[in-house]
Amino acid sequence: MSTAEETSGEDAPWGEVTPEAARRLLVAAVDAFAERGYHATTTRDIAGRAGMSPAALYIHYKTKEELLHRISTIGHERALHVLEAEADRDGTAADRLAGAVRSFVRWHAERHTTARVVQYELDALGEEHRTEIVALRRRSDAVVRRIIGEGVRDGEFDVPDVPGTALAVLSLCIDVARWFNARGARTPDEVGELYAGLVLRMVGARQVRK
């Protein structure tokens, strides 16, 4: 499945990227990186997929690495927003953790082509850009740690190692992008529901009377 064919509640893929030529190049880059890997993809490959000349790419992006950085930044910011929206809503820690997992998994399933590039091409970034993306990843980790920590504090969860558990939860969710198939047996919503239940069992969630 290409980026353009991915289905979600969002508008056209990468609609925040302007002008249109820059958006088309970015969509083409996502598809090429997901299919061939960053290092095996050339700027000519990307331009060809976008229906442009190689020279046209450099009008909008100075390097192939700049394209990857733009993709990674937008993708990580979207994923972080998904987690923060669930973490900040009302409800018990169990409700919020389940909601965060459902939404995070659904995003990685619905946008699995994009998510594979966002999550698995980090090492291809230059040092400065990689540092920026790592900071965004740490913010996502902090959101999940906060929910789990609040659950432990309130007696909802039995978790002796909050940082390690948060890492395990995020890893479980992110891996959906690697294997999800839109033609498979489960929908993104069904996978999200399954993983929410698995995570609640992982943290030993129990009902707490307030």
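In its unreviewed entry, UniProt places the feature "DNA-binding region" at residues 42–61; UniProt positions are given in the numbering used here, feature names are shortened, and annotations may be inferred rather than shown by experiment. Over residues 42–61 the chain is 70% helix and 0% strand, with the end C-alpha atoms 13 Å apart.

The model is predicted, so local features need pLDDT of at least 70 and side-chain atom pairs count only at pLDDT 80 or more, while totals for chains, interfaces and linings use all residues. Residues are numbered from 1 along each chain as its sequence is written, and side-chain values use heavy atoms, with hydrogens and water left out.

The chain has ten helices and zero strands, where helices (H or I, at least four residues) and strands (E, at least two) are DSSP runs numbered from the N terminus. The radius of gyration, taken over C-alpha atoms, is 18 Å, close to the 17 Å that the globule rule (2.2 Å times the number of residues to the power 0.38) gives for 210 residues, so the chain is as compact as a globular protein of that length.

| Property of the chain | Value |
|---|---|
| Span of the C-alpha trace along its principal axes | about 65 × 40 × 25 Å |
| Residues that count as buried (under 20% relative accessible area, 1.4 Å probe, protein chains only) | 49% of 210 residues |
| Accessible surface (Shrake-Rupley method, 1.4 Å probe) | about 10,500 Å² |

Of that accessible surface, 49% belongs to carbon and sulfur atoms. Among contacts (heavy atoms within 4.5 Å) between residues at least 6 apart in sequence, 69% join residues at least 24 apart.

Methods. Buried means under 20% relative accessible area, exposed over 50%, partly exposed in between (1.4 Å probe, protein chains only).
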